[in-house]
Amino acid sequence: MDMKGRSSLCDYFALMSAPSTIRVKAIAEHIDGTLKKEGFPARCREGYRDATWILLEYGDIVVHIFHETLRKFYDLENLWGDAPKRIYSTDPKQ
């Protein structure tokens, strides 16, 4: 989501979800490890203990990795409904 002009915290939100806490943590670890190798260490990491909503902050980009049920509950896409979005999915139905 393009957050420029909508949030003072960052320019972009990346939102994703997984059906289990194990997968949520695996996604977060993969993103964090890959970006660290490329020279972009996270400034902040939150939520690893419960792994129902992990937040990774990389300056202008904040990554949210949700357990599917929490993503539906918090519904950030609608909370920031006016923000331009690009949707990428591994789900063939989307």
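From the N terminus on, the chain runs β-α-β-β-β-α-α, giving three helices and four strands. Helices (H or I, at least four residues) and strands (E, at least two) are DSSP runs, numbered from the N terminus. This is a predicted model, where local features need pLDDT of at least 70, side-chain atom pairs count only at pLDDT 80 or more, and totals for chains, interfaces and linings use all residues. Residues are numbered from 1 along each chain as its sequence is written, and side-chain values use heavy atoms, with hydrogens and water left out.

**Aromatic rings**

- There are three aromatic pairs, with rings of Phe, Tyr and Trp (its six-membered ring) pairing if their centres lie within 6.5 Å; planes under 30 degrees apart are stacked, over 60 edge-to-face, and the rest tilted.
- Trp53 and Tyr74 make a tilted pair, at 4.8 Å between centres and 50° between planes.
- That pair joins distant parts of the chain, 21 residues apart: Trp53 sits in strand β3 (residues 53–58) and Tyr74 in helix α2 (residues 68–74).
- Phe73 and Tyr74 are edge-to-face, because their planes stand at 90°, with ring centres 5.0 Å apart.
- One aromatic cluster brings together Trp53, Phe66, Phe73 and Tyr74.

**Exposure**

- Phe73 is exposed at 63% relative accessible area, while Trp53 at 26% and Tyr74 at 40% are partly exposed (buried is under 20%, exposed over 50%, partly exposed in between; 1.4 Å probe, protein chains only).
- Across the 94 residues of the chain, 28% count as buried.

**Contacts**

- Among contacts (heavy atoms within 4.5 Å) with a separation of 6 or more, 51% come from residues 24 or more positions apart.
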